[in-house]
Structures are given as C-alpha cells and as structure tokens.
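Subject: Handover of a structure and findings

Dear colleague,

Please find the structure below for your records.

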Amino acid sequence: MTSSSSSALPSPATERLDLRPWSTAEAHAVLGGTRPAHWAHDFPGEGDRVIAGLFDQNPDWLGVYGHRLVVERESGLVVGSVGLFWPPDQGTVEIGYGIVGSRSGRGYATEAARALTDFALTAPGVRTVTAAAELSNPASVRVLEKAGFLRWSVENGIARFGTSAPDRRESAPGRQESPGTVTGPE
C-alpha cells in the first residue's frame, strides 16, 4: 500500500455521511484484525476485508477516485465502505458498496452510492458508472434503483446496472424504475 495519508483527497459527503479515503493504517488494521475505536462493532464486513487485501495490487483504489470509508456523521463511526474500481475502462467505472448490519435499513448505502457516483461522473473521461447486484440480494438491487441506476441486463442471477451524467440530471432522488431490463452498454 502506497498511500499513508488520505487527508488531502476530496471527500464527497451526504447529509448524514462522510465518505473519506481509506488510510494505509486502516487497511492494515482490517487485514490484521485490529479494531480501532472509531469503527462500528460489526465493521469490517467480508467485502471490506477483500478490498483491503487488494489495495497493494490496485494502488489507484487509494487515490482521488478510489475507495472510501463510510462514516456516520452523528456517531463518527465507520459503518461501511463504498468504492470505485479505478481506473475507468473506455469511460466506464464500476462501483461497489457495503454497509454493516447494525446500520442497514437506514438508506446509508443508497446515499453513499449516489454521492460517489455523482463524484465519479465529474472525473475526466468518466461517462458511465456501472454496478452489479445478485438477484438473491433484493436490498442491494433496491439500493441501485434508489440511487438512480437503470437495470441493463440480467444473466446467471446477476443484474447489471448503469448510469451516466444525462441519466443523473433526469432522475430525482428515489426515482423508481420498472423492474424490466433496459438496453444499455455492457
């Protein structure tokens, strides 16, 4: 891991959440099983452990448009993570997210996904943000729908979603899409 300080990077925020870059120390704590006091009791989740383990191979994930810790502003606790799988490929970047069980059902995943998606669409050369969700996880599917993503395809139990800058301007927060499939880039 090459980044040791994340304070200089811009940090998107929502009304209730701060999305701040991971520090190298936090990634090492996740991998080493250390539990800093500023983490929710059930952070990190399995996905967070996987991401922390991939930072060495993907140093851009610790950069300006990389992965973020989701911090609940009211408590100051890390309650999940959201990230872009940087760099983009032909103008497209994928997003992933996860919120700990103790904070599920509060809309945090939708807020975080929406904020980081809007931030990603300001990056030079990024036209589209995509995501995937297992159909067996309807909560994750709903997060993407509520965050303004359109369902592009379904294959082998995985729904692929996407959004672009024009989609974002036309959609209002909480806009509901039909559950059908919309044709879009892959």
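Strand E1 (residues 17–21) and E2 run antiparallel and are joined by five bridges; two strands pair if DSSP finds at least two bridges between them. Helices (H or I, at least four residues) and strands (E, at least two) are DSSP runs, numbered from the N terminus. This is a predicted model, in which local features need pLDDT of at least 70 and side-chain atom pairs count only at pLDDT 80 or more, while totals for chains, interfaces and linings use all residues. Residues are numbered from 1 along each chain as its sequence is written, and side-chain values use heavy atoms, with hydrogens and water left out.

E2 and E3 form a hairpin with five residues between them, and Gly76 in the turn has a positive phi of about 80°.

Strand E2 (residues 67–72) is mostly covered, with six of its six residues buried (under 20% relative accessible area; exposed is over 50%, partly exposed in between, with a 1.4 Å probe and protein chains only). In a regular strand the side chains alternate between the two faces of the sheet. In E2, His67, Leu69 and Val71 point one way, whereas Arg68, Val70 and Glu72 point the other way, and all are buried.

**Pockets**

A pocket is an open set of points on a 1 Å grid over the protein atoms alone, where a 1.4 Å probe fits, with protein on both sides within 12 Å along at least five of seven lines; lining residues have an atom within 4 Å of a point. A volume is the space filled by probe spheres set on the points, which are joined across faces, edges and corners.

The largest pocket has a volume of about 510 Å³. Of its 25 lining residues, Tyr97, Asn137, Ala139, Ser140 and Val143 are the closest to its centre. Strand E4 (92–99), helix H3 (108–120), strand E5 (128–134) and helix H4 (138–146) each give two or more residues to this lining, and the largest share, six residues, comes from E4.

The second largest pocket has a volume of about 260 Å³. Gly47, Asp48, Ser81, Tyr97 and Gly98 are the closest to its centre among the 18 residues that line it. E3 gives the most to this lining, with six residues.

Yours sincerely
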